[in-house]
Amino acid sequence: MKIGRNDICPCGSGLKYKKCCMKKDSTLAIPKNDFSVDEIISFLEIGLKNINSVNSKVSNISVKQIKLLNGKTLECQFYAESENSIDLKAEISSVMGALHGFFKDDSFRNIQLDYYAVRAYNSSDIEIMHAISSTESAAMIGNGKAIDWMKSTIFQENTKDYRLAIAKRQISDIENALRKVIVNRLSSKHGSDWFRLSLGKKLFEIIKGTYKNQFGEEIEDGKVLIEYTFVLQLKKIICTNWKDFSDLFANKIEFENLISELNEIRREEAHNRDVSVIHLDRLKIIYEFMLLGITEKYSGIIPNYLIDNWKIQLKEIMLPKPDLPYSDSDVLNETNQQLKLIKSLTNLQCLINHIKNREDKVKSVVVPVQKKKTHDELLTILLNYRILHEELLESGKKGVLSIVENKQKEIDEYSKKLHEFSKRYVFEES
């Protein structure tokens with residue numbers, strides 16, 4: 001909004017603008033370059049492709065495409081030199097830092113950014129990593145705070161080492177959970193000789209032989225021998241004694257099919273071969289099927305550090321308050337009604353961005369299977385909370401006071417719900 005000469009100066013002095021900051025503003029104002037968006041993007045692309053001529057420590061960036069998303073997010077796609085997770089994040093850091101360096105002076109009238117997005121592709125034109133940072137986070141790179149930048153940036157990975165690490169952890173969780181449940185239920189039913197009595201002679205001798213081949217001696221202790229079983233052997237033990245495990249799994253046929261599929265993925269993971277995105281998608285389904293029922297009956301069966309890490313990450317996301325341009329007193333004490341509305345709407349837009357940022361970060365957190373329901377509920381609450389604020393923003397622009405007041409009442413009620421949920425599941429658990 002353009003401030004009139006006779007309007008009250010927004011600096012808070014109480015004087016008219018022409019008697020206060022008008023001359024100062026005209027003196028200090030930095031002229032903004034009135035280039036088109038396409039021209040600005042073209043300048044940026046040339047700069048990134050030739051950045052080594054400006055900074056010899058940085059390699060030229062092989063830009064694939066640069067585009068403006070939703071008017072507020074600049075996305076740079078590039079071909080990465082590396083494909084492993086750590087080196088790739090370093091490359092993305094360089095790209096993100098260069099983007100912010102180009103726009104940090106806010107000198108382009110046609111582009112006013114809130115976020116930078118960077119997508120890295122390999123030589124086969126497959127996306128292997130996606131990162132998104134706020135402009136404030138990207139500024140940390142140039143200030144030597146790369147670790148802080150990494151903490152505040154949302155990453156989605158598709159590197160080979162990342163996929164393999166996810167597969168190893170999930171397969172290990174499934175196998176160990178099945179072993180613990182087998183020991184618990186069959187030893188309770190059959191006593192100390194449970195392993196021999198519940199397996200059948202052939203499978204019992206095979207597993208004993210596996211142990212003997214490795215250590216040169218025979219034992220019959222089931223709590224030791226169970227650790228030397230393979231996936232398909234675990235399947236056979238459970239299916240042979242299905243009545244003892246039927247309450248943990250939804251369906252026997254589905255259990256058998258998913259275990260067989262798990263074994264195929266297990267072969268790829270065990271030999272450090274490429275675990276594909278399709279493998280991971282299927283593994284997620286298997287993981288939830290196998291562990292959902294188990295974790296309801298055995299709360300400590302998944303390593304505690306996974307749950308603790310989930311709690312800590314949610315706390316770090318939910319605790320920080322939004323950094324709004326104007327304080328409550330700035331808005332309440334504003335006597336100029338037009339400026340008051342502008343300040344209120346500006347604060348509201350920043351709050352919406354803050355809630356959206358929370359949503360994106362919550363979506364990026366790895367969720368332990370026993371916390372999936374709670375996690376999904378938090379996402380639903382955040383989504384509805386943001387939608388209410390967006391509706392309030394539109395109502396404010398229309399200037400219908402009754403609608404604004406009703407929408408604000410809805411938000412106040414929903415704020416209580418969000419606070420209670422956060423207190424119970426995020427802050428207290430953390």
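1. Strand 3 (residues 115-121) and strand 4 run antiparallel and are joined by seven bridges. Strands here are DSSP runs of E with at least two residues, and helices are H or I runs of at least four, numbered from the N terminus; two strands pair if DSSP finds at least two bridges between them. Y121 sits opposite E127 of strand 4. The two strands make a hairpin with five residues between them, and D125 in the turn has a positive phi of about 65 degrees.

2. Strand 4 also has strand 5 (residues 154-157) as an antiparallel partner, through four bridges. Here H130 is paired with Q156. Because six of the eight residues of strand 4 (residues 127-134) are buried, the rest of the structure largely encloses it (buried: under 20% relative accessible area, 1.4 Å probe, protein chains only).

3. A word on confidence, since this is a predicted model: local features need pLDDT of at least 70, side-chain atom pairs count only at pLDDT 80 or more, and totals for chains, interfaces and linings use all residues. Residues are numbered from 1 along each chain as its sequence is written, and side-chain values use heavy atoms, without hydrogens and water. The mean pLDDT (the predictor's confidence in each residue, from 0 to 100) is 84, with 88% of residues at 70 or more. Over residues 26-32 the pLDDT is below 50, and this stretch has four contacts beyond near neighbours in sequence (heavy atoms within 4.5 Å). Where pLDDT is low, predicted coordinates should not be read in detail.

4. Do look at helix 15 (residues 337-364) too: its buried residues include L339, K343, H354, R358 and E359.

Methods
Buried means under 20% relative accessible area, exposed over 50%, partly exposed in between (1.4 Å probe, protein chains only).
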